[in-house]
Amino acid sequence: QVQLVESGGGLVQAGGSLRLSCAASGNIVKINIMGWYRQAPGKQRELVARITSGGSTNYVDSVKGRFTISRDNDKNTVYLPMSSLKPEDTAAYYCNVQDVLSRVYWGQGTQVTVSS
């Protein structure tokens, strides 16, 4: 079993910042990709950002320049500092981890609410 523990969500005013963290633990085979998805009410879950074990990153266009994903491979932890937050960033954010055997794990989600 692999557990993903997320932290860092909350309520912030537009223009503010938050930092999400997700630590993976348990019976972990080497992790390949770590990332964050989000889902707003009534919308499909979308990829926000992801990072490979080699450090390559991808972002959804709407967060480029505002969010920066990083990871600590020794700690099996992924971070997502978010700045210049907008009301449209309001969503439940989910940590996603894929190991080298292509098994995928999800966190329980952390709520980010940005007030205008």
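The model is predicted, so local features need pLDDT of at least 70 and side-chain atom pairs count only at pLDDT 80 or more, whereas totals for chains, interfaces and linings use all residues. Residues are numbered from 1 along each chain as its sequence is written, and side-chain values use heavy atoms, with hydrogens and water left out. Although Ser102 is not a glycine, its phi is positive, at about 70°.

Ser84, which is not a glycine either, has a positive phi of about 50°. Ser84 belongs to the loop between strand E8 (77-82) and E9. With a relative accessible area of 40%, Ser84 is partly exposed (buried means under 20% relative accessible area, exposed over 50%, partly exposed in between, with a 1.4 Å probe and protein chains only).

The view may now be widened to the whole chain. The protein chain contains 11 strands and zero helices, so that from the N terminus on its elements read β-β-β-β-β-β-β-β-β-β-β. The C-alpha trace spans about 40 × 25 × 25 Å along its principal axes. For 116 residues, a compact globule would have a radius of gyration near 13 Å, and the 14 Å of the protein chain agrees with this; the radius is taken over C-alpha atoms, and the globule rule is 2.2 Å times the number of residues to the power 0.38.

Of the 116 residues, 39% count as buried. The protein chain exposes about 6100 Å², of which carbon and sulfur atoms supply 46% (Shrake-Rupley method, 1.4 Å probe). Among contacts (heavy atoms within 4.5 Å) between residues at least 6 apart in sequence, 52% join residues at least 24 apart. The protein chain carries 12 positive and 8 negative side chains, and the centres of the two sets lie 1 Å apart; Lys and Arg count as positive, Asp and Glu as negative, while His and the chain ends are not counted, and each charge is placed at NZ of Lys, CZ of Arg, CG of Asp or CD of Glu.

Aromatic rings come next. Rings of Phe, Tyr and Trp (its six-membered ring) pair if their centres lie within 6.5 Å, with planes under 30 degrees apart counted as stacked, over 60 as edge-to-face and the rest as tilted. The count comes to one aromatic pair. Tyr37 and Trp106 form this edge-to-face pair, at 5.0 Å centre to centre and with 65° between the planes. The pair links distant parts of the chain, since Tyr37 is in strand E4 (residues 31-39) and Trp106 in strand E10 (residues 104-106), 69 residues apart. Tyr37 is partly exposed because its relative accessibility is 22%, and Trp106, at 39%, also counts as partly exposed.

Gln1 lies in the segment before strand E1 (2-7) and, at 74% relative accessibility, counts as exposed. Residues up to four places away in sequence aside, Gln1 touches Ser25, Gly26 and Asn27. The C-alpha atoms of Gln1 and Ser25 are separated by 8.5 Å, although the two residues are 24 residues apart along the chain.

Definitions and conventions. Helices (H or I, at least four residues) and strands (E, at least two) are DSSP runs, numbered from the N terminus.
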